[in-house]
Amino acid sequence: MQTTTTVIDGRTEVLAALTDPDYAVPAPPDAAEGIGWLRAQVARFSAGPEHHRRRALAVAALDRVPPASLRARAFRLTRSPDAARVLPVRLLADALGLPGVRPEAVAVVAAAYHPHTDGGPAADLAVAELVRACGGLADEETAALIGLLVQAFAATEGLVRNALSRDREETAERLVAETVLADPPVRRTRRVHAGAVVELDLAGAGLGFGAGEHACPGREHALAIAAGIVAALR
C-alpha cells in the first residue's frame with residue numbers, strides 16, 4: 001500500500017508538481033458499481049486520454065450554466081447560514097437539470113470520494129441514488145455530473161463558511177477571492193511520485209483551486225455561488 005511520505009509546500013514547488021506529469025493523481029482500482037465505480041470514472045482521479053475525455057464532459061456541463069445566474073439565485077434564495085450549507089449543491093443540481101438530487105446523498109458521497117477514504121455500503125447506496133437522479137445510466141457523463149455535485153457540496157460550502165468567518169468590510173466578491181488565497185476549503189491534494197504518495201500544500205501555495213490539467217473546472221461557478229451567499233448573509 002502507498003503511504004504518504006512527503007509534504008511539498010511553497011508556491012513554486014507546489015505549482016511545479018501540479019504541472020509535472022511525473023506527479024500523477026492516485027489511481028483508484030476499477031469497480032463495477034458504487035463509490036468505487038465513481039472514483040474510477042471521474043476526471044478527478046484519471047490521467048491521459050481518459051482524463052481529457054472525462055474533464056471535457058464536466059466542462060461541457062458547466063458551460064451550460066452561466067455563473068452570474070448562480071450568483072443571483074444564491075443571493076435570492078439564501079435565508080440563513082444553516083440553509084447555505086446545502087444551497088450550493090441544490091443550485092448546481094437545478095441548473096444542471098437534476099432537480100431530484102438530494103443534498104444528503106451528495107454529502108455521503110463527498111465524505112467517501114477520495115480513494116484513501118473508507119466508503120462503505122452507505123456511500124455505495126448514495127452513489128446508486130445519484131445515478132438514478134441523473135437519469136439512471138451509469139456512464140462517464142453521469143459520473144462527471146456527480147463529481148461536479150460532490151465538489152459543489154464539499155468545496156463550495158467550505159468556501160462560504162471560511163469567507164463568513166473573516167471579519168472584513170469588503171464586497172462579497174473580494175472577500176471570497178481573498179478567502180481562496182488565505183483560507184481555502186481544499187487545503188491539500190495528493191499525488192504519486194516515484195512510487196510514493198506526496199501531499200501538496202495548496203493552502204500555503206495560494207492555489208486553492210489547484211493548477212495544471214487537474215485544476216478545478218468549476219472555479220468561476222464556485223466563486224459566483226459563494227459570493228451570492230456571502231452577500232446575502234452579511
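H4 and H6 cross in a right-handed sense. This is a predicted model, and in it the axes of the two helices, H4 and H6, lie 11 Å apart at an angle of about 130 degrees. An angle over 145 degrees would count as roughly antiparallel and one of 65 to 115 as roughly perpendicular, so H4 and H6 are put down as oblique to each other. On the H4 side, the residues that meet H6 are Leu 70, Arg 73, Ala 74 and Leu 77, and their partners in H6 are Leu 87, Leu 91, Asp 94 and Ala 95. Sort the residues of that contact by type and you get six nonpolar, two charged and no polar.

Stay with H6 for a moment. Helix H6 covers residues 87-95, and its buried residues are Leu 87, Pro 88, Val 89, Leu 91, Leu 92 and Ala 93. Two of these names, Leu 87 and Leu 91, also turn up in the contact with H4. What do the buried residues of H6 pack against? Besides H4 (67-77), they pack against H3, H5 (81-84), H7, H9 and H12 (219-233). After H6 comes Gly 97, with a positive phi near 80 degrees.

Two of those neighbours of H6, H3 and H9, also pack on each other, so let's go there next. Helix H9 takes in residues 140-164, and its axis runs 9 Å from that of H3, at an angle of about 60 degrees. That angle sits between the under-35 limit for roughly parallel and the 65 where roughly perpendicular begins, so H3 and H9 are oblique to each other. The crossing of H3 past H9 is right-handed. H3 brings Arg 53, Arg 54, Leu 57, Ala 58, Ala 61 and Leu 62 to the contact, while H9 brings Glu 140, Glu 141, Ala 144, Leu 145 and Leu 148. By type, the residues here come out as seven nonpolar, four charged and no polar.

How many aromatic pairs does the structure hold? There is one. Its members are Phe 45 and Tyr 113, with ring centres 5.2 Å apart and planes at 55 degrees; stacked would need under 30 degrees and edge-to-face over 60, so the pair is called tilted. Are the two residues buried or exposed? The cut-off for buried is under 20% relative accessible area. Phe 45 counts as buried because its value is 6%, and Tyr 113 is buried too, at 3%.

Leaving out neighbours within four places in sequence, Arg 166 is in contact with Leu 175, Glu 178, Thr 179 and Ala 182. Take Glu 178: it comes 12 residues away from Arg 166 along the chain, and their C-alpha atoms are 9.6 Å apart.

Last stop is the loop between strands S2 (188-193) and S3 (196-201), where you'll find Ala 194. Its phi is near 55 degrees, a positive value in a residue other than glycine. Ala 194 counts as exposed because its relative accessibility is 75%.

Methods. Residues are numbered from 1 along each chain as its sequence is written. This is a predicted model: local features need pLDDT of at least 70, side-chain atom pairs count only at pLDDT 80 or more; totals for chains, interfaces and linings use all residues. Side-chain values use heavy atoms; hydrogens and water are left out. Rings of Phe, Tyr and Trp (its six-membered ring) pair if their centres lie within 6.5 Å; planes under 30 degrees apart count as stacked, over 60 as edge-to-face and the rest as tilted. Buried means under 20% relative accessible area, exposed over 50%, partly exposed in between (1.4 Å probe, protein chains only). Axes are lines fitted to C-alpha atoms, for helices over the stretch in contact, and angles run from 0 to 180 degrees between N-to-C directions. Helices (H or I, at least four residues) and strands (E, at least two) are DSSP runs, numbered from the N terminus. A crossing is left-handed if the near helix is turned anticlockwise from the far one by less than a right angle, and right-handed if clockwise. Contact means heavy atoms within 4.5 Å. Ala, Val, Leu, Ile, Met, Phe, Trp, Tyr, Cys and Pro count as nonpolar, Asp, Glu, Lys and Arg as charged, and the others, Gly among them, as polar.
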